[in-house]
Amino acid sequence: MSTLEQLRSEWTTPCPTLTAVRERYFPHIGSDRRFRELINKGKIDLKLNKLHNSAKAQHVIYLNNLAQYLDRQAEQATQTA
């Protein structure tokens, strides 16, 4: 089973909110603001999206982008081990 398939079975949406992803995979980051900052600076290689162009629209992360990120992290971990 691929990472993307596992994520699809875990999440009920193809684009979970930034908050949901942070709480599940980055519990050490205390706020969405800090999480967005790290992503925007390139320290966390994820792509943020909004479902529409409203200033109040929540940021989301598409599962395929999250799966690619997790696969890259796993590959880096095996290369350094």
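Trainee: Is F26 buried or exposed?

Mentor: This is a predicted model, in which local features need pLDDT of at least 70, side-chain atom pairs count only at pLDDT 80 or more, and totals for chains, interfaces and linings use all residues. Residues are numbered from 1 along each chain as its sequence is written, and side-chain values use heavy atoms, with hydrogens and water left out. Buried means under 20% relative accessible area, exposed over 50% and partly exposed in between (1.4 Å probe, protein chains only). The relative accessible area of F26 is 5%, so F26 is buried.

Trainee: How are the rings of F26 and F35 arranged?

Mentor: Rings of Phe, Tyr and Trp (its six-membered ring) pair if their centres lie within 6.5 Å; planes under 30 degrees apart count as stacked, over 60 as edge-to-face and the rest as tilted. For F26 and F35 the centres are 4.8 Å apart and the planes stand at 40 degrees, so the arrangement is tilted.

Trainee: Which residues do ring pairs link into a cluster?

Mentor: F26 also pairs with Y69, at 5.9 Å centre to centre and 45 degrees between the planes. Y69 is buried too, with a relative accessible area of 10%. The cluster linked by ring pairs is F26, F35 and Y69.

Trainee: What is the angle at which the axes of α1 and α4 cross?

Mentor: Helices are DSSP runs (H or I, at least four residues), numbered from the N terminus. Axes are lines fitted to C-alpha atoms over the stretch in contact, with angles from 0 to 180 degrees between N-to-C directions. The axes of α1 (residues 3–10) and α4 (residues 63–80) come within 9 Å and cross at roughly 130 degrees.

Technical notes. Helices (H or I, at least four residues) and strands (E, at least two) are DSSP runs, numbered from the N terminus.
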